[in-house]
Each structure stands twice: as structure tokens, then as C-alpha cells.
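Keep the viewer open as you read.

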Amino acid sequence: MDVLWAVAILAILFYLCRLLMLLIPPVVPEIVVDTSDVMLGKGGDDDSYIYVARRRSGDEDTVHCYDPATMKYLGQLPALNFDEVSDHVARAREAQKKWARSSFEKRRQLLRILLKYTIDHQELICEVSARDSGKTLVDAALGEILTTCEKITWLVGQGEQWLQPEYRLVKLFISAGRMMLHKTARVEYSPIGVIGAIVPWNYPFHNILNPMVSAVFAGNAIVIKVSEHASWSAFFYSRIIKAALRAAGAPADLVHVITGYGETGKALVSLVDKLIFVGSTAVGKMVMEQAAKTLTPVVLELGGKDPFIVCEDADVAQIAARAALQSSGQNCAGAERFYIHAQIYQQFVDEVVRIVRTVRMGPPLEGLFDMGAVCIQEHTDRLQALVNDAVTKGAEIAVRGDLVLPDFGNSVVGQFYPPTVLLNVNHSMRLMQEEIFGPIIPIMKFHSDDEAITLANDSNFGLGCSVFSANKERAVAIASKIYCGMAAINDFAVTYMCQSLPFGGVKNSGFGKFAGVEGLRGCCLVKSIAEDRFSFFKTYPVAENAFQFEEALVRMFYGLTVVEKFQGLVNLVKIFTEQKDVKKTL
């Protein structure tokens, strides 16, 4: 009894010490990053509002950058060619050889430095992101800051445990299977080498940090090609990363952020050890075609057309507000098909229409707005084409938000699309089949759960879904029958905030996962290892009766009945007995 008390006291003291250690904050150095060229009011050399194409004839080696809300010129960056991309990858490869030997504590310190800077400079990061992608500050805070902080915090706290060798447990034995009891079996996770990432424009800060922190924590180097539509902010964000690398004592060439057009991305695909692509389905297919030439493994996170299903027992007012506000954020694919139960259909429509009429639009940094500008200039024309197609086929525009903007001068070229709610839509319309990526809310009604499931699955996309019902079991049952990669029950897109969960879709939404345990391990060479537990066992016996021996083993280990297993054991005994008799005769 005294021994048990001693063990209990030692256990309590051990956990108290661990708790006290958690209360002692780690020493994280601050980094200083030059912000002179990204502070509000300081753009590039040309301070005009005149739009110049990002890629002009005779100037293909330059990416021109603009504020989407005002078309103010922000500056220019180089569009790298194959040789230049190759140089970046080669330098990253040399740096990775050193980093692969680094400790997890050193990797955690690098991530803590990035986390500290992000927390201390939230407003600056959001302003830079808003100026480059047209989003509002609130949208930036949610999509850039919260998700990045959660990702880093999860990796710092739990990343190491998921990269440790994992021994496979088979019932009471650690083994590779019934016939391999004399072996131990484990999986080891080691760095791949150089990971490439091609990321979109919608969340410029998070889209860089997201693949980067997982890659380097797993011991890799990474080269990230950013969108030509959000290159200006990337130049600043890369300075943050470089400063963090110096402060952590990591190789300077471990992370590279490069700019350019399709040719730059094409070069990157052919040079890295694995590629993560986030973007449209059309470009994803081109990436996959290029990767096939070098058998480069790829993760494709492509378009989304998530169904948003609301049952008749849900809280209509609350859900309508969420639907209207999240859909006005043009930077996120998110929910693009709204299926509402017939009993609450009109109530839901009325509430969404009321909220959309209150949405304010304009340059995020000019004041408080619910919705910013469309980042890609030509996209507003595409959005209008989708609406026109739907109206031609019988859809009704329930409301179209007022496009009231501040006066920026006669030369401003604004790109704003008013939030639009469409009724009487059906699946023959393009906006119910193609990715919208804009502030358009098409609403259909359904009469039964089975009908909602059928409508939700009638799509070439399969990224995520949201299901709302006061009966949680009912919502889960509906979501479980929707063919997609992620599901949110009584909420929207929260799976992305759970950074222990993998992120990715099916069908035209791509394949493979990033984020979570699966995404972290996806940055690794996954190696299976089997080794002897007992040296005196032979896996492959060589003798005249070897076949009979194997046959008896299979019957004993894998027979479906006790009788069959016993017969295998009897046959083994006979084989050993016969061998002894032969030896005695000799």
C-alpha cells in the first residue's frame, strides 16, 4: 500500500510540474521587418489610378500590381523564367539538407517567431492583404489571422507527436500480422525534400503561411509561387519569413516566394519533389498533366460549389444572416448552392433579402464595409454572364444590393459586383453548375431530406457542405450522405478552423489533403519498416517440404474455423516430426 501511495504522489508531482512548465512562456525573439513600402498611402512608383494590364506585350517578364478596389498602382515584381525557378529550387534543396537534421524544438521556435509577429502586427497584415485582394478587414482577420494562428499553434503543440515513428498494434501483439509475430512493424515519417506550392489570390497571407509552416515543420524546404493577382503583398510577407528564419537560426534559403505567370508555375511543377496546388479546376488539370511528365506527386485543392441545406426546424433568422454575410465575401468560394425546406423557404428568402439590402460596398481601407472589390477585373463580367444565363432560363432576381461607392475621382476603375439573390433557379443554369466565386446567392426549395441529398450530390464538385437542423442527428445523417470532403453541422466552414482536420475535396474539387495530421504527414516520405523481434525465426524456409510447411501455416493462422486452425497445427507437428525422423535415419 505504501508503494502505491508513493507512485500516486510521484504521478501527481509529475503532472503538476508539466502544468507549471506550461505557465512559463517560451522566450521568443522579436523580429524587425521593413514596412516602409506597404504602409497605407505608400504604393509603387506610379501613384495614378490608370489601369495597366498585369501582363503587357513586350513586358512579359514583369507582374504589375494594383489595389482591386481603386486600381491604384502598387508596384511591379519579376515574372521568373525556368532557369530562375530552377535556381530557387536548387538553393532550397541545399538548405533542406541542413534543415532536415534540425530538432523539433528549433522548428517550433521558428513557428513561434512567425506566430508572435502575426499576433503583434494583425492590423498591418490585414491592411496589406486588403489592399492586394480587395477584401474587408474583418474578412482578412478571419481568413488570414485566425486560421494562420490556429495552424501554427496546432503544429507547435501537437505536430511532433504525429511525426514520431508509429508502431502498428495488432490486438495484443505489436506486429506486422499473424504470421509475422517474430517481427516488429512501424511507420517512419521523414522529409520529402523540396515541396512546391502554387497558391491563389484570395487570402494572400494565409495561402503562403499555410503550406509553408507544415512543410518546414516536417523538415522540408518549400518554394511558393503566388498568384499574379496578389504578388505585391507576397513580397512583404516573404520579408517576414526571411526575418523569422534568421532569428531562428534556420538556413536563409529554406523558404522561397516567387512571382510570375503560368510559365513560372509550370517550371516549378517539374522541379520539386511534391506539389500542392490550390486554384481552379481548369488550371489544376494542367498542373496534373505537367506533373505526370516527371511523376511528381500532387495535392489538388480545386473549385468548390458547397451546398447549404436548411431544414424546416432550423433557426431561420440566424442562419439567413450567416448565409447572406458569408456569401457577400467574394474572396471565398464557400457556399454557392442554397437548398431551403419548402416550409421555411419564403421566411428565409425575406430575411436574406433584408440583410443584403444593408450590405455596404467599397474599398476596405476607406471605411467600414461589409464587402470589398472583386480582385480579378474580368470576373465581374463573368458573374454578370452567370446571372444573365439564369434569368434567361427563368430565374428571378429577388434583390440586388446598391452599388454606392465613395468618390475616388474621375479616373478610378472600380471592380465591384453587388450582392445578388436569385430565386426559381434549377440545375440547368450555369450558376448552379459552375463555381461562382462571388456574391451571388441562388436559392432552391426542397420538400424532403432525400430530395435535399439528391440535389446536393448533383454536382461535379465535392469540396464541403453545411447542414442546419435543430435535430443534430438529422443534420449528421444528411451530411453523411453528401459526397464531399468536409461537412459542417449547424455551422459554415468551421472544419477549416479545426486544424487537426484534413482539408480537401473529391470529384472536380480535387484530391489529396493538406492541413491536419494527414496534411502534415503528406509532407513526409512515409516509410514502412519491419525488423526482427526474434533472430532465430526464418520467414522464408528453404527445404524439400517448404510448400507443405507454408500451407500448414496458412491454415493455422488464417483458417476460418477452430477445426481448420487445429488441422493446420497438426500438419505442422507432422512436418517437424518427419524432419526429425529423417535426421535420425541419416
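**A serine and its surroundings**

Serine 231 is buried, with a relative accessible area of 1% (buried means under 20% relative accessible area, exposed over 50%, and partly exposed in between, with a 1.4 Å probe and protein chains only). Before going further, please note that this is a predicted model, in which local features need pLDDT of at least 70 and side-chain atom pairs count only at pLDDT 80 or more, while totals for chains, interfaces and linings use all residues. Residues are numbered from 1 along each chain as its sequence is written, and side-chain values use heavy atoms, with hydrogens and water left out.

To find serine 231, look in the loop between β8 (221-225) and α7 (232-248); helices (H or I, at least four residues) and strands (E, at least two) are DSSP runs, numbered from the N terminus. Leaving aside residues up to four places away in sequence, serine 231 touches Val63, Cys65, Leu77, Asp132, Val226 and Thr259, where contact means heavy atoms within 4.5 Å. Take threonine 259 from that set: the C-alpha atoms of serine 231 and threonine 259 are 6.5 Å apart in space, although the two residues are 28 residues apart in sequence. A polar atom of the serine 231 side chain also lies 2.8 Å from the backbone oxygen of serine 227.

**Charged pairs**

Now for the charges. Side chains of opposite charge can pair when their charged atoms come close. The structure holds 25 salt bridges, each being a side-chain nitrogen of Lys or Arg within 4 Å of a carboxyl oxygen of Asp or Glu.

One of them joins lysine 116 and aspartate 120, at 3.4 Å from N to O. These two residues are separated by about one helical turn, because they are 4 residues apart in helix α3 (residues 104-120). Lysine 116 is partly exposed at 25% relative accessibility, and aspartate 120 is partly exposed at 46%.

Where do glutamate 336 and lysine 305 lie? Their salt bridge has its closest N and O atoms 2.9 Å apart. Glutamate 336 is in strand β13 (residues 335-341) and lysine 305 in the loop between β11 (298-301) and β12 (306-310), so the pair ties together parts that are 31 residues apart in sequence. Both glutamate 336 and lysine 305 are buried.

Glutamate 434 and arginine 430 form another salt bridge, with the closest N and O atoms 2.9 Å apart. Here glutamate 434 is partly exposed at 26%, and arginine 430 is partly exposed at 30%. Finally, a network of salt bridges links Glu105, Arg108, Arg112 and Glu160.

Terms used
A polar contact is a pair of N or O atoms within 3.5 Å; within protein, one must be able to donate a hydrogen and the other to accept it, and residues adjacent in sequence count only if both atoms are side-chain atoms.
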